[in-house]
Amino acid sequence: MRTVSVAVAGLGTVGRETVRLLRARRAQLRERLGAELVLTAVADRAAAREARALGLPASVARFTDPLEMARRAGADVTIELLGGTDAARRLALSVLGRGGALVTANKRLLALSWPALTRAAARSGARLAFEGAVAGGVPVLRALELSLVGDRVLGLDGILNGTTNYILTRCEEGLSAEAALKEAQELGFAEKDPRLDLSGQDAAQKLSVLAGLVTGGWLAPGSFPVVGIQAVTARDAAYARERLGSAVRLIASLRFSGTPSAPRVEASVFPTLVPLGHPLAAVRRQYNAVLVRAQSAGDLMFYGRGAGAGPTASAVLADAFCAARDLLGQLPSARPVPRALTLASADDTPSGFYLRLEVRDRPGALSRIAGALGRERVSIAAIHQDRARGAAAVPVVITTHPASLGAFNMARRRILALEDVAPRHCAMRTLA
Ligand code: HSE
């Protein structure tokens with residue numbers, strides 16, 4: 001029987017689960033592959049201890065330095081689960097440079113180093129697979145890369161961050177955002193630094209990976225609008241549900257245009273009002289989902305767990321299997337070649353907006369706010385002011401007809417400069 005050697009760098013929770021599954025599902029994988037996936041090396045700062053705890057046989061080489069593992073073990077498939085970006089990047093470039101297959105679940109590495117990694121892979125003809133980097137165990141990358149290879153992907157809307165979705169849905173249930181974040185951290189899917197989740201940066205990195213996979217180009221993090229959920233309160237969630245018939249979700253969106261050889265993309269991450277009947281409104285707690293719009297297949301929805309050792313290890317193992325199958329069959333990559341990606345302006349697709357303000361209740365305040373919107377030609381769809389109960393400021397919620405992001409932001413700046421309006425506010429989009 002032919003064998004394909006596998007090395008795993010990083011024996012954290014995902015690494016350990018990957019090794020466990022690789023061995024537990026060995027027979028199943030052998031039958032489907034017609035070859036044996038053999039673990040030949042592991043690397044970890046505590047490699048000896050972890051290998052012992054996992055019950056690995058002596059034939060599996062242990063390394064404390066992943067680069068040394070790459071040099072000396074030279075496995076057919078290397079699985080990078082180190083976390084962080086520096087050591088992971090060095091390992092990835094070393095493996096891809098010599099034409100070895102690399103599997104990673106490291107979205108940050110991919111988002112920041114997309115051009116270097118994809119060029120190294122294209123130059124050597126190496127496999128680069130990363131199903132676990134976006135939406136954990138949900139096989140949306142494989143669908144975009146292979147199931148839709150004969151189609152044209154027009155765009156997608158995704159809930160790509162479990163922590164913020166957990167917070168938003170717990171807020172709908174009456175919990176405060178702070179208490180919900182604490183729960184998410186206890187459940188273990190929040191990032192070490194939760195600001196990456198709350199600010200939308202984690203979702204933005206995943207969006208960059210998705211854009212790269214569809215077009216071959218690099219959607220650089222920081223090059224498109226990203227708004228997190230820090231300003232969204234339980235009251236906004238309740239207001240959206242009760243008065244606007246919508247759920248609040250952090251939606252990461254891509255809209256593709258141009259041609260396959262000169263792709264263009266519009267990208268954004270925004271807290272968004274999603275009508276309750278829409279499938280993305282049904283995505284609750286830590287679940288992820290991606291709604292893909294394809295020209296011929298129409299709308300496709302992918303749903304599941306976006307984080308955790310089991311879902312991520314499942315995706316990683318499938319990547320290792322596919323890389324091994326391609327190696328055995330000497331198949332060329334089906335991925336678009338690395339190329340330049342043009343960023344379309346976020347103003348290209350108008351959408352409706354939600355703006356919650358804290359306003360001093362006195363004559364003329366509302367007319368000045370309406371005037372600022374009017375000056376930027378942003379049309380008000382509805383306006384609601386709570387009855388003042390002796391408070392210095394009252395919440396005012398404005399929803400608008402579709403407008404460009406640029407015009408809305410300009411009007412928002414004018415409004416926040418008004419004497420009667422407090423700086424604290426919440427702006428959301430409606431699903432376009
Ligand atoms: N912090 C991420 C989330 C985990 O909340 O979805 C997986 O990327």
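Colleague: How does Arg-293 count, and at what relative accessibility?

Modeller: Arg-293 counts as partly exposed, at 43% relative accessibility, where buried means under 20% relative accessible area, exposed means over 50% and partly exposed lies in between, with a 1.4 Å probe and protein chains only. Please keep in mind that this is a predicted model, in which local features need pLDDT of at least 70 and side-chain atom pairs count only at pLDDT 80 or more, while totals for chains, interfaces and linings use all residues. Residues are numbered from 1 along each chain as its sequence is written, and side-chain values use heavy atoms, with hydrogens and water left out.

Colleague: Which residue does Arg-293 form a salt bridge with?

Modeller: Its partner is Asp-299, with the closest N and O atoms 2.8 Å apart; a salt bridge here is a side-chain nitrogen of Lys or Arg within 4 Å of a carboxyl oxygen of Asp or Glu. Asp-299 is also partly exposed, at 44% relative accessibility.

Colleague: And which residues do salt bridges with shared partners join into one network?

Modeller: That network is made up of Arg-170, Glu-172, Glu-173, Glu-183, Arg-241, Arg-249, Arg-284 and Arg-285. By the salt-bridge rule, the count for the model comes to 30.

Colleague: What does Glu-172 do with Arg-241?

Modeller: Glu-172 forms a salt bridge with Arg-241, and their closest N and O atoms are 3.2 Å apart. Glu-172 lies in helix H8 (residues 162–172) and Arg-241 in helix H12 (residues 234–244), so the pair ties together parts that are 69 residues apart in sequence. Helices (H or I, at least four residues) and strands (E, at least two) are DSSP runs, numbered from the N terminus.

Colleague: How far apart are N and O in the salt bridge of Glu-172 and Arg-249?

Modeller: The distance there is 2.9 Å, N to O. Because Arg-249 is in strand E8 (residues 246–258) and Glu-172 in helix H8, that pair ties together parts 77 residues apart in sequence. Glu-172 is buried, with a relative accessible area of 18%, and Arg-249 is buried too, at 0%.

Colleague: Changing topic, which polar side-chain atoms lie by the ligand's oxygens?

Modeller: Among them, a polar side-chain atom of Lys-107 lies 2.7 Å from a ligand oxygen, and one of Lys-206 lies 2.9 Å from a ligand oxygen.

Colleague: How much of the ligand's area does the protein cover?

Modeller: The protein covers 90% of the 260 Å² of accessible area that the ligand has on its own, with areas from the Shrake-Rupley method with a 1.4 Å probe.

Key
A polar contact is a pair of N or O atoms within 3.5 Å; within protein, one must be able to donate a hydrogen and the other to accept it, and residues adjacent in sequence count only if both atoms are side-chain atoms.
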